[in-house]
Amino acid sequence: MSSLIDTFRDEALELILELESALLELEESPHDATQIDRVFRALHTLKGSGGLAGFDDVAGFCHEAETVFELVRSGERQVDQELVSLTLSAQDHLKGMLLAEFGADAVDDEQTAELVAAFQALLPFRQEISSHSIESMTGHSSDQVTYRIRFRPEPNLFRQGVQPQFLLNELTHLGEAIVVAQLDGIPPLDELDPEECRVYWDVLLTTDQDENAIRDVFIFVEENCELVIQQIDDGSRLDQVEDYKRLGEILVERGDLTPKDLEKYLKEKKRLGEALIEEGAVNGSKIHSALLEQERVQTLRRERKAHDAMESIRVKSDRLDKLVNLVGEMVTVQARLSQFSSGRVDAELLSIAEEVERLTWDLRDQVLSIRMLPIGGTFSRFKRLVRDLGAELDKEVMLITDGGETELDKTVIDQLNDPLVHLVRNSIGHGIEPAGVRKAIGKPGKGRITLSAQHSGAYVLLTVADDGAGLDLGRIRAKAIEKGLINAQDDLSEREISSLIFVPGFSTAEEVSNVSGRGVGMDVVRLAIDALRGSIEVHSEAGQGTTFIIKLPLTLAIIDGLLIDIATEHYILPLSAVEECIELSRADAELAHGRNLVKVRGEIVPYVRLRDEFNINHDCPEIEQVVIANIEGLRIGFVVDHVVGEHQTVIKNLGRMYQDIAGVSGATILGDGRVALILDLPQLAERAEKHEKSALH
Amino acid sequence: MSKRVMTVDDSSTVRQVLHMTLEGAGYEVLQAVDGVDALKKLSTEIVDMLVTDLNMPNMDGIALIKQVRRNPGNRFMPIIMLTTESQPEKKLEGKSAGASGWIVKPFKPEQLLAVVRMVCPV
């Protein structure tokens, strides 16, 4: 069989010829219904086949012409010279479009638009152009909902070629279904017409699909049946009591029993079901169906309750904090044990120490994961903020969130709220333009803010992006000069200018509003992110929007570190930033003529001598080590004496006095009880860069 | 035994899409190019289901459905019509002529199969 594309091309070229010949005939005899029909059908078939074969533009173009000829066919419009000429040029154009798909020169889009407009102008009123794709109406929800469905087809169902069992079967594809056939509509044998459908069905369906999905199953028999769909249980509701309705209630809801009768039979001193059957008020199979419903819902609720109880328990977060602290202590002690045991020649002690080490690491991972929460909860709170701020500033804004399932340490999430609020406020206040402005420059009137989160190694990247005007670099620069933050002659890159917004006291808003422009926003954001040992950067494109990227560590309490020595001092570098370690001999260092540069497999990498940074005046070993780290995309080396190895680092705060020391983010206690400082590599790199610059000037 | 489907459409592209999709799902497919052709073939072949276009030369889909339903052997046969979005009224016309359901063109293979499965599972 030839490929579908080839089939379509052959067919389409044939149809275009057919269209031409029909049009020429039509010109001779404009009232000839046969010719009108030929034209219409050629266009109609081209549209249908084009759509199927994936030639949407051909299909869309034909649609316009077809709509006009539809009117001609129904007598609402006459064929005239103008229409024939227009359609003939459309026919030429169609041929061009088709050949363009198979390698010929592309057609002029403007001409396409002109022709489309010409056809549309022939319509009595602007018809809504229907979309060419049919999206399924069904929506999903994560929770299971149970429906009670009664499907009672008209007796003539079979004559429509519809088999009800296939429809019921289709329901079972949607979820778990219990089907009960009701037979009370079947007449006595001598009156029975086997070609009629007299059975009807009760279905209990537990599904994650919505009601539309169920209605879709019955779409072809909608007019020929009685279809009742009632939601009887919603799995997303946690407040439900386990008990479900009583039998009588269910029967009344289903319309199988009147409330009056219910009252009457309840007065009898028998069980309701028995009384109803004895009196013949409701037949056994309806009662059976109702009882099934009762049992089904109760089972579901019971299961759900048991499941929820198993899934989670609520614990106060300070208990978790204590647990994390204890694990931190334990990691420290374990490190001591390992160090102690490795110094002895005692196989048994060593194996115990190794076992403790393994268990401690597992424990650490488990405890830290308890504190991890999805960030989606924080994201969802922004919907309201965006809505309210948009209304306040008279801007149309929609919020899109992505990656809400990304997990972060609870402490990080708690402290992230304010910076994110600042950023979103700024995006709405400064970034997104008013709807009128947006429309004038061809953007959709509704602005768009995207909040997203994703994992990237030991970090989580949070993005706050808007499709607004972007940062006004000229104004930022002017403002920075005015505020004395930079000098007028400074030569700054775009990136440097945009990062000026994070400098304290910087704000460009011309009037101070409730939303932005208090001049505290961005530097506060940066401080908050720094406190979380994260970093923030901004990317902006004029007219396209601004994107803030926040990089955060997964957890705050314990990190994987790389333990290094300089003389007698120990330091920890965060392992997540470390790429590799290489040796640096004195001869290598001299090759660079006093510049701090080292060649790593052909690439020149600048380095920082930590020995100099920390003023350690001690003999330097003949061969030093360079730890190459990746800092915001740049490779920078840090020269140390020895690389000791990986170290489970429990982060201890430095105390208020030392909190703001640049280059040091914390401390940790080593196995032997000594203290090692945890280095803040980005700050060290930044400081070294400044030194270098001032040395050059 | 696999189910036999007759597809009726004057467009070879549509016929090919129907053929590939249905055959891929395990149906045996017979093709006809219009109503007259379909009726002729139906007089000698037994099929389990009919999928027909509505707009065709010689005999259109509605007329075909009426004719097919007249044959006692085909009274309960599922018949699916191919309609377009621009002709919602055709659905009703087709249904009263005896169609079981419809598919709106252009359709995706999975949409076709979802409908076919509802009226005539393999």
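Val17(B) is buried, with 25 other C-beta atoms within 10 Å, a count that can be set against the cut-off of 20 or more used for buried residues. The model in which this residue is seen is a predicted one. The place of Val17(B) is in helix H1 of chain B, and, leaving aside residues up to four places away in sequence, Val17(B) touches Leu4(A) and Leu52(A).

**Chain B and its side towards chain A**

Chain B has 122 residues, of which 50% are buried, and its secondary structure comes to five helices and five strands. Read from the N terminus on, these elements follow the order β-α-β-α-β-α-β-α-β-α.

How many residues of chain B are in contact with chain A? There are 27 of them, and they meet 29 residues of chain A. On the side of chain B that touches chain A, the elements giving two or more residues are helix H1 (12-24), strand S4 (79-84), strand S5 (101-105) and helix H5 (109-119) of chain B. The largest share, five residues, comes from H1(B), the helix that also holds Val17(B). Sorted by class, this side of chain B has 12 nonpolar, 10 polar and five charged residues.

**The sheet of chain A**

In chain A, five strands form an open sheet with mixed pairing, in the order S6-S8-S9-S11-S10. Strand S6 (397-402) and strand S10 (535-541) of chain A are the edge strands, each of which pairs on one side only. On average, and with direction ignored, neighbouring strands of this sheet are turned by 15 degrees against each other. S10(A) pairs with strand S11 (residues 545-553) of chain A in the antiparallel sense, over seven bridges, and Glu541(A) stands opposite Gly545(A) in S11(A).

| Helix of chain A | Strands of chain A it lies across | Direction |
|---|---|---|
| H14 (residues 376-392) | S6 and S8 (447-456) | about 170 degrees to S6(A) |
| H15 (residues 410-431) | S6, S8, S9 (459-466) and S11 | about 20 degrees to S9(A) |

**A helix pair in chain A**

Another part of chain A brings together helix H1 (residues 4-28) and helix H4 (residues 81-101), whose axes come within 10 Å and cross at roughly 165 degrees. How are H1(A) and H4(A) directed, roughly parallel or roughly antiparallel to each other? Angles over 145 degrees count as roughly antiparallel, and H1(A) and H4(A) are therefore roughly antiparallel to each other. Their crossing is left-handed.

From H1(A), the contact is made by Arg9(A), Ala12(A), Ile16(A), Leu19(A), Glu20(A), Leu23(A), Leu26(A) and Glu27(A), while H4(A) brings Val84(A), Thr87(A), Leu88(A), Gln91(A), Leu94(A), Lys95(A) and Leu98(A). By class, the contact of these two helices has nine nonpolar, two polar and four charged residues.

Methods
Residues numbered from 1 in each chain as written. Chains lettered and ligands numbered in written order. Predicted model: local features only at pLDDT ≥ 70, side-chain atom pairs only at ≥ 80, totals over all residues. Pairing = 2+ DSSP bridges. Helix = DSSP H or I, 4+ residues; strand = E, 2+ residues; numbered from the N terminus. Axes fitted to C-alpha atoms, helices over the stretch in contact; angles between N-to-C directions. Contact = placed C-beta atoms within 7 Å. Nonpolar A, V, L, I, M, F, W, Y, C, P; charged D, E, K, R; others polar. Buried ≥ 20, exposed ≤ 12 C-beta atoms within 10 Å, placed from the backbone. Parallel < 35°, antiparallel > 145°, perpendicular 65-115°, else oblique. Left-handed = near helix turned anticlockwise from the far one by under 90°.
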